[in-house]
Amino acid sequence: MSTLFRYLAKEIIWATALLLAALLALFALFDLMSQLGELGKGSFGLAKLLAYVTLLQPTNVVVVFPLAALMGTLLAVSRLSAQSELTVMRASGLSLARLATFAAIIGLLFSSFIFLFGEFVAPASEEAARRLKLAATSNMVAQNFRSGFWVKDGRSFVNIQTVTPDTQLLDMRVYDFDAAHRLTSISVVKKAVFEANNRWRLEGVEKTIFEAAAAGGQTARIEQQPNAIWNSSLTPDLMSVLRVSADSMSMANLSAYIDHLRDNKQNSTRYEWAYWAKLFQPAAVIIMMLLAIPFAIQSTRGGGVGAKLLLGVMIGVGFYFLNQLTSHLTVLYNWPPLLSASMPVAVFLVVSLLLIAWKERPGRFWKAFV
């Protein structure tokens, strides 16, 4: 690699790392404030609260890294432009196309890092955070497998296939045991809705009851109940801790869960969109860096570094909201997940390339459209 590339890489990496640290500090403060209401519940003291917030930060790294890369590139190139270093580089033959190529190579390194980080570190860290909070605030034991959530509730074990965003429980099984650890009943429930005071309303219940026979052994009888009441220490707050959002899952887990939903004839659109969005996220980092270049190369009269960083924030937020909009519209109108997940990336790629072409040769750029 040339000396020029190494110099640009050092400037961009340093600026990106600085802004990433600042953004993570801000997000950590938000996470800390959001959890202050849980402080003191069970053994969830200050030390565990700080540990919980720390374990959430790898997920925040994945979320804010494209914005940090955009702002870092803006900051580095703006500083070089303000100090006339970029002017000297361009006078020596550095074209914007070559500068964009350098930025794309650096972005590729960033993308490789963030992909591996998001696939292996962030999901495990968030899982550890949820388990830490669950263990500190509840005496219940929970595990999350491909077969669904498994929760120990007193002498019962509960298997829940799906937890909806409003914390309704779908396709649930309750295995009740007696004091001698003998299975006494199995309840298959279509839906459970929380009412109040640890009470759930069950709908579509099929209960198999095991009883000791007079001649020894066991007999079983089945009861069909359209509705029933279930008293449990399980609460919606606890289920919100157990539930993993699609955006927090690794691609491997998303792929397995999509197959599971398809096998059970359930809608997997939301998870398919999340899978493709994660696949395109490394490209989003590169595109954000390319988009920063034409905005950074401005005269000092066009605005200081602060104004350009604000512009970077606005661009990054715009990309985030476009992503969220396509996500909701995909689920609402059942759009093809691959197409909708790639649309924001494609739009910003075209915009960044057009802006670079316009900044390089504005006269020739406008003649191409006349």
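Residues are numbered from 1 along each chain as its sequence is written, and side-chain values use heavy atoms, with hydrogens and water left out. Because the model is predicted, local features need pLDDT of at least 70 and side-chain atom pairs count only at pLDDT 80 or more, while totals for chains, interfaces and linings use all residues.

**Stop 1: salt bridges**

A salt bridge here is a side-chain nitrogen of Lys or Arg within 4 Å of a carboxyl oxygen of Asp or Glu. By this rule, there are ten salt bridges.

Select E195 and R201: they form a salt bridge, with the closest N and O atoms 3.4 Å apart. Buried means under 20% relative accessible area, exposed over 50%, and partly exposed in between (1.4 Å probe, protein chains only). E195 is partly exposed at 33%, and R201 is partly exposed at 28%.

Next, select R221 and E211, whose closest N and O atoms are 3.2 Å apart in a salt bridge. R221 lies in strand β7 (residues 218–231) and E211 in strand β6 (residues 199–212), so this pair ties together parts that are ten residues apart in sequence. Helices (H or I, at least four residues) and strands (E, at least two) are DSSP runs, numbered from the N terminus.

Then go to E272 and R262, which meet in a salt bridge (3.2 Å, N to O). E272 sits in helix α7 (residues 269–296) and R262 in helix α6 (residues 251–263). Is E272 buried or exposed? With a relative accessibility of 17%, E272 is buried, whereas R262 is partly exposed at 44%.

**Stop 2: aromatic rings**

Rings of Phe, Tyr and Trp (its six-membered ring) pair if their centres lie within 6.5 Å; planes under 30 degrees apart count as stacked, over 60 as edge-to-face and the rest as tilted. The count comes to 14 aromatic pairs.

Select F113 and F117: their ring centres are 5.5 Å apart and their planes at 35°, so the pair is tilted. Both lie in helix α4 (residues 96–137), four residues apart, about one turn of the helix. F113 is partly exposed at 39%, but F117 is buried at 18%.

Finish at W150 and Y175, where the centres are 5.9 Å apart and the planes at 25°, so this pair is stacked. W150 is in strand β2 (residues 148–153) and Y175 in strand β4 (residues 169–177), 25 residues apart.
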